[in-house]
Amino acid sequence: MQNEVLVSFIIPCLNGEKFISMCLDSIISQTVPYWEVFVVDNGSDDNSIQILQEYAKKDDRIHVLSSKIKCQSTARNIAIEQANGKYLCFIDIDDFITNDLIESYPTNEQFDFYFSNWNKIKGGKQSKRIFPVSKKVLKRNDIVDIQRWIFGDVKSKNPFDLDTFSSNCGKFYKTSIVKKHSIEFVPMAKIGGSEDAIFNMQFLEYAQNGYFSEKCLYNYVSHTGSYTHKRKIETLNLYFEQHKIQENILREFDKLNEWSKHLSNRLLIVSLSIFIVVSRLKYSHKTKICFLKNFLENEIFSKNANNMNVNQFGLPYRILLKLIMKKKVRLAFLFVKIADLII
């Protein structure tokens, strides 16, 4: 074991000078020392690269790579190619892990997939995020249930729980599975988001078992006012490219007929999220309504509308989702605006 790399930590870095020390120090302090780090600087114009190089000089387990492409997906793919560890663990540069992350997972038992509860830190306040998982050891059918959830079969009254299992951060993925099946992250420029979900949709098809820890081992640090307000309204149409890729994944796994209803529900829930994002963007009311009308008139949305089912969600969500299903854009937009003000 002492000559083996157990975990390859993969960290994209774009202008992360404020967070690098917190992130890397949390890895260096691990109680289990058999790890390596690949930090991929993808076009930083601050002091990130200098700070990273100083860390690499002090610890030969830390490797600094560079990419001119400002894309988190590309950065992760570059690091995966270099990784030597039995497991891959993805971390965002502004987040950090507990010092017992590796120790908390029974890696000697060779599970394919490990994950845990996590903390969200926002404005100095910490709150726990708990997965709806009732057992530590997951068998193949449990893995399939998680995969089905990510595709859209949400077992919750809250549709925003769609992405409960989607994030890659802090999870352990068996490297041999990722490399054998050439599982990669789709570039953000092609799909606009959900690259984590697409990675998990594919990986979980091949995972035979998993392990869940009730400890909160990953700390997600939320920064207010950044990405949402910088988005361009036109890029939201890239969601339909995500949907095509997800549909192709189901087709490849021979699950399209059985799971198409889940994917239709995913499309509906994401459409609700897009209503919320659009409501917060700095465009005229007319521009927002016009965009949302065109979004719901897209042939992919129209094709899936008859396959959507909202009965499992709470009453306010059912009302709102049905308005979107029926393309009642102005009413749905008003509903979203009012709800946002109340919250």
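**Close-up 1. Helix α4 and its span.** Helix α4, which covers residues 140-151 and has 12 residues, reaches 17 Å from its first C-alpha to its last, close to the 16 Å expected at 1.5 Å a residue (the expected span being 1.5 Å times one less than the number of residues; helices are DSSP runs of H or I with at least four residues, strands are runs of E with at least two, and both are numbered from the N terminus). This is a predicted model, in which local features need pLDDT of at least 70 and side-chain atom pairs count only at pLDDT 80 or more, while totals for chains, interfaces and linings use all residues. Residues are numbered from 1 along each chain as its sequence is written, and side-chain values use heavy atoms, with hydrogens and water left out.

Close-up 2. Because 9 of its 12 residues are buried, α4 is largely enclosed by the rest of the structure (buried means under 20% relative accessible area, exposed over 50%, and partly exposed in between, with a 1.4 Å probe and protein chains only). The buried residues of α4, among them Asp142, Arg148, Trp149 and Phe151, pack against elements including β6 (113-122), β10 (210-222) and α10 (256-280) (contact means heavy atoms within 4.5 Å). Just after α4, glycine 152 takes a positive phi of about 135°.

**Close-up 3. Histidine 262 in helix α10.** Histidine 262 lies in helix α10 and is buried, with a relative accessible area of 8%. Apart from neighbours within four places in sequence, histidine 262 is in contact with Arg148, Phe151, Gly152 and Asp153.
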